[in-house]
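Look over the model below with the sequence beside it. The paragraphs that follow go through a helix pair and then some loop residues.

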Amino acid sequence: MQLATKLIHAGVEPDPTTGAIMTPIYQTSTYVQEAPGKHKGYEYARTQNPTRTALENAIAAIENGKFGIAFSSGMAATEAIMHTLQPGDEVIVSNDLYGGTYRLFTRVFAKYGIQFRFLDLQNPAVLKEAISAATQLIWIETPTNPLIRIIDIAACANIAHAHRVKLCVDNTFASPWLQNPLDLGADIVVHSATKYLGGHSDVVLGVVVVNDAQLAEQLHFIQNSAGAVPGPHDCWLVLRGLKTLHVRMQRHCENARQIAHFLREHPAVKQVNWCGFPDHPGYFIAQKQMRDFGAMMSFTLNDDRLETAHRVLSSTRIFALAESLGGVESLIGHPASMTHASIPREERIKSGLSDSLIRLSVGIEDVQDLIADLKQALEKI
Ligand SMILES: *Cc1c(COP(=O)(O)O)cnc(C)c1O
């Protein structure tokens, strides 16, 4: 089945009692048993919920994986993966990372004796040197946030597996429409479904997809034990979002292409980070592992001051100044003071996040309106 068909149909069966074509929202905390232990597979809603099961099956199918496990947020999904590790284990992490993930790793899990090493993995050969006997997991984002760097998933998977290390890919930025890491050799895919999967900025949810039954069992155990489960209504919202993922992504990508070119020509703009430019250092890998170049981009200004960036950020009228990404509406953000504020400035600058860096999540509005909006905002400099 092709991906566009799977997005509509995978994991979803007509409701057995009524034939309802859409999965009902099973808003219940418990299920009646006929006799102690005699039930239809559902006992308590932290453990199982049919709306959640439908979502988990759908997302697994869409990522070409066997098992989907849903959590109450992308961070809860990430946390669950970390709970599979032991004190003394080491994780190698790509250094251009979602700020919340950096915070979870360095402020929460580091104190339980898990070591994190942050490296620029644009050249995967770096991994060969870096992997030690303690390394259990490699964690990457690609395209990276917010510098839109590209990491070669297949190359990382090969190196990881040669050392019996697992590779996890945070696929939030690309979405399954653009990239399927399990097909490229990754062991774990994690999504903040809050972004493109939900797609309408109305829900917070996370998912993990794996192929390994033992790992899936471990994650289900953590899901039930720690209890960071999404509610049925939230699961339903993401199920609904999935059905238009392909149509939204096509428009997101089309709009982004035009905006990237517009920005690149603009005299106030110094550099545009978007992986669809043939001179982008990751262009060929992006072409190899992604179906299109995505709708996330960032750019710097010739005038690299924080205040100048702030002036642009508060001047757009259609691009809303907000955290997050991947919704139908266009968003503009300032990593240095928003999503990446929890990364110390020194470290931030070192990894290439300058003060004037502005990030765009290009929505699916009319692209001419979006370009006109950016144009007038850049005139305020
Ligand atoms: C938003 C985001 C997360 C965290 O997800 P939440 O749903 O906000 O908890 C993780 N990784 C990336 C790349 C994100 O953009």
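**A helix pair and loop residues**

Asn255, Gln258, Ile259, Phe262 and Leu263 of helix 9 are in contact (heavy atoms within 4.5 Å) with Val367, Gln368, Leu370, Ile371, Leu374, Lys375 and Leu378 of helix 13. By class, this contact has 8 nonpolar, 3 polar and 1 charged residues. Helices here are DSSP runs (H or I) of at least four residues, and strands are runs (E) of at least two, numbered from the N terminus. This is a predicted model, in which local features need pLDDT of at least 70 and side-chain atom pairs count only at 80 or more, while totals for chains, interfaces and linings use all residues. Residues are numbered from 1 along each chain as its sequence is written, and side-chain values use heavy atoms, with hydrogens and water left out.

Helix 9 (residues 245-265) and helix 13 (residues 367-378) have axes 10 Å apart and pack at an angle of about 30 degrees. The two helices are therefore roughly parallel (an angle under 35 degrees).

The loop between strand 4 (135-141) and helix 6 (153-162) holds proline 143. A cis peptide bond, with omega about -5 degrees, joins threonine 142 to proline 143. Proline 146 is in the loop between strand 4 and helix 6, and the bond from asparagine 145 to proline 146 is cis, with omega near 5 degrees. Isoleucine 148, in the loop between strand 4 and helix 6, has a positive phi near 55 degrees. Most residues other than glycine have a negative phi, and most peptide bonds are trans.

Terms used: Axes fitted to C-alpha atoms, helices over the stretch in contact; angles between N-to-C directions. Parallel < 35°, antiparallel > 145°, perpendicular 65-115°, else oblique. Nonpolar A, V, L, I, M, F, W, Y, C, P; charged D, E, K, R; others polar.
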